[in-house]
Amino acid sequence: MDNLHNKLQKKHNRAERSWSQVAPFIIQVRVPVPFSLKWVNSYLLLENKGTFTIVDPGLRTAEAEQLWESTMNELSLDWKQCSQIIVTHQHPDHYGLAGYVQQKSKAPVLITKASKDYTDKLWGAGRPHFEREMRELLIAHGTPDTMVDAIINNLREFQERVEPQPQVVYIEAGQVLMAGDRYWDLIHTEGHAFGGIMLHDKQNGLLICGDQVLSKITPHVGVVAGEHRPVLAQFMENLKKISTLNVSLVLPGHRDVFAEFAERIESILQHHERRLSAMLTYVEQEKKVDAYTCCEWLFGKHLRNQPHNLRFALTETIAHLQYLQQRNLIVETTDSRGMIHYCNNERR
Ligand SMILES: [Zn+2]
């Protein structure tokens, strides 16, 4: 293993690469994604007996497959050495390549039942139903028809990016997993993805956190069509809860690793408080507004040409409006056509 360690050090120093060693025997691989996030971080946890665990292999695209093949070559690794594939949450940029890696390695894919159920809903038997629910949600919140179609079409494009879908083994929060010769506590996350988990090596203060806490960008928190969960409240509560964990290095799903875990959580919470306060002022000024109008006010009209980003922005806007409504700061109304508006609460 020491030899491998030296080799990794040498290779890493040689040039800017798509991978780097971010902790002893943990390699971060930047797997490209064809949208603004640019890449998703995958982690290889190297094991003494010559095997490795892979966490969140990425989205299935030709570029990602190519990147993996060259990375495996550079690291002198073979897919057959892969002992298990762990998926922190069901979003396609994390889950999409799990089946592909499973085909190459024959390794088990570990994911929570809630996450797997969600993948069935989006890319399995539940798909037609989910599309209907998504369309209804978008229309009810004031999205123009052309944009509704663009968002639905964009969602469909993800189908081929998660195929083949893996055979899975269920894991759940509270369990302890051995991976990369370390013990990891599986910790429940909420708000970003229902059923998500983080991996915490409490002895060494390492946290593989999926998208729950990211440096520089704020994790997406949006409503999911057909579900009625107070996602923003759950996200903020979950952040407060996990902020006390012993963490000296965060290995996130996007962007760079970072050390200031509790501080980063604090600034994400402040970001949401600021946004909530700005949106409350906006609704009070407008007196009555739909989520789509509010979304354009927040994020700009340029998203009309970016259905993927528009979906993120709109579902996030709805999550914030619902948060304000759940606290009786604003009122939600539904008219006879099923259109939802948010109004100032005159009784405040
Ligand atoms: Zn995600």
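This is a predicted model: local features need pLDDT of at least 70, side-chain atom pairs count only at pLDDT 80 or more; totals for chains, interfaces and linings use all residues.
**View 1. An open sheet of five strands.** The strands are arranged in the order E8-E9-E10-E11-E12, and their pairing is mixed. Strand E8 (176-179) and strand E12 (249-251) form the edges; each has a single partner strand, so one side of each has no neighbour in the sheet. From one strand to the next, the twist averages 30°.

**View 2. Pairing of strands E10 and E11.** In general, the strands of a sheet pair through backbone hydrogen bonds, in either a parallel or an antiparallel manner. Here, strand E10 (residues 197-201) pairs with strand E11 (residues 206-208) in the antiparallel sense, over three bridges. Leu199 stands opposite Ile208 of E11.

**View 3. Packing of helices H8 and H11.** Helix H8 (residues 231-242) packs against helix H11 (residues 307-326) at an angle of about 85°, and their axes are 8 Å apart. Angles of 65 to 115 degrees count as roughly perpendicular, and H8 and H11 are therefore roughly perpendicular to each other.

**View 4. Residues at the contact of H8 with H11.** From H8, Val231, Leu232 and Ala233 meet Ala319, His320, Tyr323 and Gln326 of H11. Classified by residue type, this contact of H8 with H11 comprises five nonpolar and two polar residues, with no charged residues.

How values were computed:
Residues are numbered from 1 along each chain as its sequence is written. Two strands pair if DSSP finds at least two bridges between them. Helices (H or I, at least four residues) and strands (E, at least two) are DSSP runs, numbered from the N terminus. Axes are lines fitted to C-alpha atoms, for helices over the stretch in contact, and angles run from 0 to 180 degrees between N-to-C directions. Angles under 35 degrees count as roughly parallel, over 145 as roughly antiparallel, 65 to 115 as roughly perpendicular and the rest as oblique. Two residues are in contact if their C-beta atoms, placed from the backbone, lie within 7 Å. Ala, Val, Leu, Ile, Met, Phe, Trp, Tyr, Cys and Pro count as nonpolar, Asp, Glu, Lys and Arg as charged, and the others, Gly among them, as polar.
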